[in-house]
Amino acid sequence: MSKRIPPPSATAAPAALAIGLLGSACQASVPPAQPVTPAPTVNYVDGIYFPIMKPADAIPIAAGRGRFVLRDGCIWIEYARPGTSEERVLALWPAGARLRTDAGRVQISDVGGQWTATVGDVYWYVGGETKDLSYVAELTGAVPPVACRSDVYWRIYRLSDTPE
């Protein structure tokens, strides 16, 4: 007498189910991987908030002119658009930029290390604006402190005391 063997589909389904349940039980005992949060690239120098952006592949090329001022521990750009009152935006600095204080003066260096800006003076700058706080956090690695939040943020990539 020959033994009847069921078709493969009849035995494969219960076996696959058993393996699937076994596999999911094993996975349940392994803790999920924790997301890796990149280290923020935000600096505080002598109590001044100095947000530095991560290196960029593409650089916006809008230009503006304004006075760099220090208020509430933040470096702002103050400017007036035609037909408006003076506005201010928080400056975001390129990777490699540095801030130093010397005898009450606050100076910002460009990526090459030349001291190019003194807070209180007027400069031309090249970069671009954003209004998206989550994008600012993505660029700098952290959300700005409440005192430094703005409706507009300006990504600075170059400074000059004359138009270029």
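Okay, which residues does a disulfide join here? It joins C74 to C148, with the two sulfurs 1.8 Å apart. Keep in mind that this is a predicted model. The disulfide count comes to one, and here is where that one sits: C74 is in strand β4, residues 74-80, while C148 is in the loop between α2 (133-140) and β10 (153-160), so the bond ties together parts that are 74 residues apart in sequence. As for handedness, the torsion about the S-S bond of C74 and C148 is about -80°, so we call this disulfide left-handed. And both cysteines, C74 and C148, are buried.

Then, just after α2, you get G141 with a positive phi of about 90°.

Now, the aromatics. A search of the whole structure turns up six aromatic pairs. I'll walk you through two of them, and F68 takes part in each.

Take F68 with W93. Their ring centres are 5.7 Å apart and the planes meet at 35°; that angle falls between the 30 and 60 degree cut-offs, so the pair of F68 and W93 is tilted. F68 belongs to strand β3, residues 62-71, and W93 to the loop between β5 (86-92) and β6 (98-102), so this contact ties together parts 25 residues apart in sequence. Buried or exposed, these two? F68 is buried, at 1% relative accessible area, and W93 counts as buried too, at 2%.

F68 also forms an aromatic pair with Y123, and that one is edge-to-face: 5.6 Å centre to centre, with 75° between the planes. Here the link runs between distant parts of the chain, from F68 in strand β3 to Y123 in strand β9 (residues 122-130), 55 residues apart. Y123 has 6% relative accessibility, so that residue counts as buried.

Zoom out a bit, and ring pairs link F50, F68, W93, Y123, Y125 and W154 into a cluster.

One last thing, back on the strand that holds C74. What sits over the ring of W76? That would be the charged end of R88, 4.1 Å from the ring centre.

Okay, that's my tour. Happy to take questions.

Terms used. Residues are numbered from 1 along each chain as its sequence is written. This is a predicted model: local features need pLDDT of at least 70, side-chain atom pairs count only at pLDDT 80 or more; totals for chains, interfaces and linings use all residues. Side-chain values use heavy atoms; hydrogens and water are left out. A disulfide is a pair of cysteine sulfur atoms within 2.5 Å. Helices (H or I, at least four residues) and strands (E, at least two) are DSSP runs, numbered from the N terminus. Buried means under 20% relative accessible area, exposed over 50%, partly exposed in between (1.4 Å probe, protein chains only). Rings of Phe, Tyr and Trp (its six-membered ring) pair if their centres lie within 6.5 Å; planes under 30 degrees apart count as stacked, over 60 as edge-to-face and the rest as tilted. A charge sits over a ring if NZ of Lys or CZ of Arg is within 6 Å of the ring centre and within 35 degrees of the ring normal.
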